Amino acid sequence: LFAGPAAKGWGQTVKKPSTGTNILIEGTEPWFRPENFEVNRPVSIFFDKSFPRSSCYLFGSNFKFDIPGNATINGIQVVMYVRSTGYLSQRAKYKSIRLVKAGQIMVHDKIAEPYFMPVRAIVNFGSASDLWGTDWTPEDINNQEFGVVFSVLSDIEYNVTVFVDSVKISVSYTEPPEITSFTPAAAYSGSEDEVVITGNYF
């Protein structure tokens with residue numbers, strides 16, 4: 001017989017980045033005021049009519065997660081509110097979005113091929129069961145250098161501005177069962193005693 005609170009052995013935590021930075025790569029252009037992530041304001045980049053042009057990586061980090069140390073990470077989802085000026089054929093394109101583990105950009109990219117951004121939209125990458133091609137520990141997620149990088153490009157002869165209004169990461173996880181008591185303590189296999197196991201996450 002099992003007894004205990006109807007607690008769930010799974011959890012989901014959503015956080016925003018506390019730090020925004022540019023990761024400059026040769027041939028790319030920086031985002032304007034990446035530190036705006038710290039005050040919940042938009043980050044932007046402007047491309048003029050000279051093309052093709054690509055942004056550097058916009059890195060959102062320091063999400064301040066506090067996932068329990070004994071948890072199993074099941075999936076990670078990135079939710080962004082983005083905007084791009086221009087008509088359909090005159091907008092910027094998504095170029096890359098990847099997760100970052102302990103400051104290292106992961107190989108798995110959710111943008112297989114660049115495609116036009118919407119005028120404005122809430123976009124989702126990953127899911128509650130998507131590990132983005134690698135394993136994760138609570139220590140990885142709680143690390144202040146865990147985060148997401150995002151880049152865009154313009155390959156059209158128009159002035160284009162891209163805004164990232166917000167970024168959130170949702171981490172889904174499960175915790176193992178926890179036994180807090182076992183009665184009677186002297187019960188054995190084959191006895192007729194009723195055994196009560198109390199705990200969480202059964």
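Thr21 stands opposite Phe59 in strand S7. That pair belongs to strand S3, residues 19-23, and S7, which run antiparallel and are joined by five bridges. Strands here are DSSP runs of E with at least two residues, numbered from the N terminus, and two strands pair if DSSP finds at least two bridges between them.

Before going on, a note on the source: this is a predicted model, where local features need pLDDT of at least 70, side-chain atom pairs count only at pLDDT 80 or more, and totals for chains, interfaces and linings use all residues. Residues are numbered from 1 along each chain as its sequence is written, and side-chain values use heavy atoms, with hydrogens and water left out.

S7 also pairs with S13, again antiparallel, over four bridges. There, Ser61 stands opposite Gly147.

Now the largest nonpolar core, which has 40 residues. Such a core is a set of buried Ala, Val, Leu, Ile, Met, Phe, Trp, Tyr and Cys residues joined through side-chain atoms within 4.5 Å. Trp31, Ile76, Val78 and Met80 touch the most other members. Strands giving two or more residues to this core include S8 (72-84), S13 (147-154) and S14 (160-174). S14 gives the largest share, seven residues.

Last, Met80. Leaving aside residues up to four places away in sequence, Met80 touches Ile97, Ala121, Ile122, Val123, Phe125, Phe150, Val164, Ser166 and Val167, contact meaning heavy atoms within 4.5 Å.

Methods: Buried means under 20% relative accessible area, exposed over 50%, partly exposed in between (1.4 Å probe, protein chains only).
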